[in-house]
Amino acid sequence: MRIAVLVSGNGSNLQALIDAQIGKQLSGQIIGVLSNKANAYALERAENADIATAVISHKDYPNRESFDDAMHQQLLAWEIDLVILAGFMRILTPNFVSQWQGKMLNIHPSLLPFYKGINTHQRVLNTGDRLHGCTVHFVTAELDAGQSIAQSIIQVTLHDNVESLSQRVHELEHFIYPQVAEWLCNGQLTWKNGQAYFNKKPLERPIQFARF
Ligand code: GRF
């Protein structure tokens with residue numbers, strides 16, 4: 001599988017994917033890293049690993065459609081099979097998403113379907129939830145609403161704040177994201193007509209990892 005990772009920022013999940021590839025826990029190959037921000041630290045991580053990079057700034061395009069089309073052309077040029085969103089902070093157009101159906105993953109820092117969107121850690125603290133975590137899901141046109149594949153769960157403690165939750169959830173992400181990517185690369189995870197299959201059986205609920 002030829003993989004592209006889309007980023008906007010730090011790229012610690014990209015690093016986890018690079019490390020998994022180097023450690024042979026990821027059988028796909030990261031061909032390119034595409035950022036909408038020229039100053040994203042993730043680009044340095046890619047360069048350090050000798051991975052091609054491309055910067056396509058949304059500010060250079062008059063609308064979402066033309067920006068997404070420029071990204072699509074880059075993905076085609078790299079002959080990509082699997083697109084991994086890793087802290088990519090742009091909403092994608094339905095047309096772009098439909099061209100990568102079943103071939104595009106996202107990781108979100110909450111236990112979806114709860115807390116779609118941003119500021120998830122603060123919202124979990126505000127509500128007083130005892131459980132939190134992250135979700136890897138297929139990307140569909142509706143934000144953070146594609147079928148969830150796997151979740152990793154932590155218990156929120158009385159001592160947690162936004163920073164500690166962000167750090168604890170990131171640790172989970174770095175484990176779960178390469179794992180799900182590998183399931184797609186080795187064929188254990190497939191997708192057909194809007195439905196995920198794991199080991200050839202329809203996936204009815206996300207595979208859960210708990211760390212208590
Ligand atoms: C992660 O928390 C991920 O869940 C969200 O964006 C953040 C990216 O972090 N989609 P990093 O850039 O990979 O460190």
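**Figure 1. Y115 and the loop between β5 and α5.**
At 15% relative accessibility, Y115 of this predicted model counts as buried, because the cut-off for burial is under 20%. Y115 sits in the loop between β5 and α5 (120–127). Its phi is near 60 degrees, a positive value in a residue other than glycine. P113 belongs to the loop between β5 and α5 as well. A cis peptide bond links L112 to P113, with omega at about 15 degrees.

**Figure 2. D144 and the loop between β6 and β7.**
D144 is found in the loop between β6 (131–138) and β7 (148–155). Is D144 buried or exposed? D144 counts as buried, at 8% relative accessibility. The backbone of D144 has a positive phi, near 55 degrees, in a residue other than glycine.

**Figure 3. Helix α1 and what covers it.**
The buried residues in α1 are S12, N13, L14, A16, L17, I18 and A20. Elements that cover them include β1 (2–7), β2 (29–35) and α2 (41–48). The cover also includes β4, β5 and α6. An α-helix has 3.6 residues a turn, so residues three or four places apart point the same way. Just after α1, K24 takes a positive phi of about 65 degrees.

**Figure 4. The annotated residues G11, S12 and N13.**
UniProt, in an unreviewed entry, gives G11, S12 and N13 the annotation "binding site". The lining of the largest pocket includes G11, S12 and N13. S12 lies in helix α1 (residues 12–22), and N13 is in helix α1 too. S12 is buried, at 14% relative accessibility. Leaving aside neighbours within four places in sequence, S12 is in contact with R45, H170 and H174. N13 is buried, with a relative accessible area of 7%. Which residues does N13 touch, not counting those up to four places away in sequence? They are A86, I107, H170, E173, H174 and Y177.

**Figure 5. A further annotated set, from R64 to N106.**
The unreviewed UniProt entry also places the feature "binding site" at R64, M89, R90, I91, L92 and N106. Of these residues, M89, R90, I91, L92 and N106 are included in the lining of the largest pocket. R64 is located in helix α3 (residues 64–77). R64 is partly exposed, with a relative accessible area of 38%. Beyond its neighbours within four places in sequence, R64 is in contact with R90, I91 and T93. M89 is in the loop between β4 (82–85) and α4 (94–99). M89 is exposed, with a relative accessible area of 59%.

**Figure 6. The largest nonpolar core.**
In soluble globular proteins, nonpolar side chains tend to be buried together. Here the largest nonpolar core has 43 residues. V5, V33, L105, V180 and L189 have the most contacts inside this core. Helix α6 (residues 162–185) gives the largest share, 10 residues. Where does this core lie relative to the two domains? Domain 1 (1–100) and domain 2 (109–135 + 150–211) both give residues to the core, so it lies between them. A second, separate core has 21 residues, including L6, A70, F88 and M104.

L105 lies in strand β5 (residues 104–108). L105 is buried, with a relative accessible area of 0%. L105 and V5 are 100 residues apart in sequence. Their C-alpha atoms are 9.6 Å apart in space.

**Figure 7. The contact between domain 1 and domain 2.**
The protein is divided into domain 1 (1–100) and domain 2 (109–135 + 150–211). Their C-alpha centres lie 20 Å apart. The contact takes 15 residues from domain 1 and 10 residues from domain 2. The size of an interface is often given as the accessible area lost when the parts come together. Between domain 1 and domain 2, the buried area is about 1,000 Å². Carbon and sulfur atoms give 67% of that area. Which three residues supply 35% of the area that domain 1 buries against domain 2? They are M1, N13 and L82, which supply more than any other three residues.

Terms used:
Residues are numbered from 1 along each chain as its sequence is written. This is a predicted model: local features need pLDDT of at least 70, side-chain atom pairs count only at pLDDT 80 or more; totals for chains, interfaces and linings use all residues. Side-chain values use heavy atoms; hydrogens and water are left out. UniProt positions are given in the numbering used here, feature names are shortened, and annotations may be inferred rather than shown by experiment. On a 1 Å grid over the protein atoms alone, a cavity is a set of points where a 1.4 Å probe fits but cannot get out, and a pocket is an open set with protein on both sides within 12 Å along at least five of seven lines; lining residues have an atom within 4 Å of a point. Helices (H or I, at least four residues) and strands (E, at least two) are DSSP runs, numbered from the N terminus. Buried means under 20% relative accessible area, exposed over 50%, partly exposed in between (1.4 Å probe, protein chains only). Contact means heavy atoms within 4.5 Å. A nonpolar core is a set of buried Ala, Val, Leu, Ile, Met, Phe, Trp, Tyr and Cys residues joined through side-chain atoms within 4.5 Å. Domain bounds come from an automatic or database domain assignment. Buried area is the accessible area (1.4 Å probe) that two parts lose on being put together, summed over both.
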